[in-house]
Amino acid sequence: MNGYTHMIVGGLSGAVPVAISLAEKKFGFSLGSEHVYYPALGILPAVAGSLGPDIDLPNSKGGRAVRLFLKSAITLFGALSLIFAVYLCFIDKLIRPVNVLFPALAIFILVCLVRLLLPIARHRKGTHSGLALLIILSPVLYIIGYMSANLLTNILLSIWFGFCIGWISHLAADTFNRKGVPWLYPLDGKFYRIANIVTGGKRERAFRKVCVVVFSVVYLAILIYV
Ligand SMILES: [Zn+2]
């Protein structure tokens, strides 16, 4: 699918938890312990996350722009997580430095590695796999598992969770493509698909319209029944 379709599906997906929060008349959902997820903060990150897996696009004009944007985003995220970790160590004294600095350093090294490996990434391989999904989800698990809950961590958690929703929506949308998605790569290189839509074709335009209708029905159902 092209970037336009992914952004629409990403935004529509990010709005589902917002519909649930509206139906339940609350701003955030408690995630175990003290951590709270605010779905409204995740809509724009979901749109950005929906472009994420195509960071491996060939050197088309659009692909280069997406790469540049995402490279800057992951570098910025890496740097911010380090600054944030230092802040937590010296200002939020409740948490032991080792619990924050090491995982933050690990994430920073990880994003630097992703940046280095990008030029040799093949389209629709690593970034479109379940493995990439686990890596992308790891900051969420890290925040819940290691960071003490406060407004800042909850905001960070909500933004990153939204980004993950967008990323997942990309893989789901590409599963409707003729080429499919290697969900189990690198364990299994098979491409899985459930439809035969060609990128940029008439069917993709129809797919976008169907998505808008299906998601609208889902929002309505949530608002009525939840
Ligand atoms: Zn893709």
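Helices here are DSSP runs, H or I, of at least four residues, numbered from the N terminus. Quick caveat: this is a predicted model, where local features need pLDDT of at least 70, side-chain atom pairs count only at pLDDT 80 or more, and totals for chains, interfaces and linings use all residues. Residues are numbered from 1 along each chain as its sequence is written, and side-chain values use heavy atoms, with hydrogens and water left out.

Back to α1 itself, residues 3-23. The helix reaches 30 Å from first C-alpha to last, close to the 30 Å expected, taking 1.5 Å times one less than the number of residues. There's a bend of about 25 degrees at V16, and P17 follows within four residues; that's the angle between axes fitted to the seven residues ending there and the seven starting there. Of the 21 residues in α1, 15 are buried, so the rest of the structure largely encloses the helix. Buried means under 20% relative accessible area, exposed over 50%, partly exposed in between, with a 1.4 Å probe and protein chains only.

Now, which residues touch the most other members of the largest nonpolar core? That's W160 and W167, in a set of 15. A core here is buried Ala, Val, Leu, Ile, Met, Phe, Trp, Tyr and Cys joined through side-chain atoms within 4.5 Å. α3, α5 and α6 each supply at least two of its residues. Apart from that lies another core, of 14 residues, including V16.
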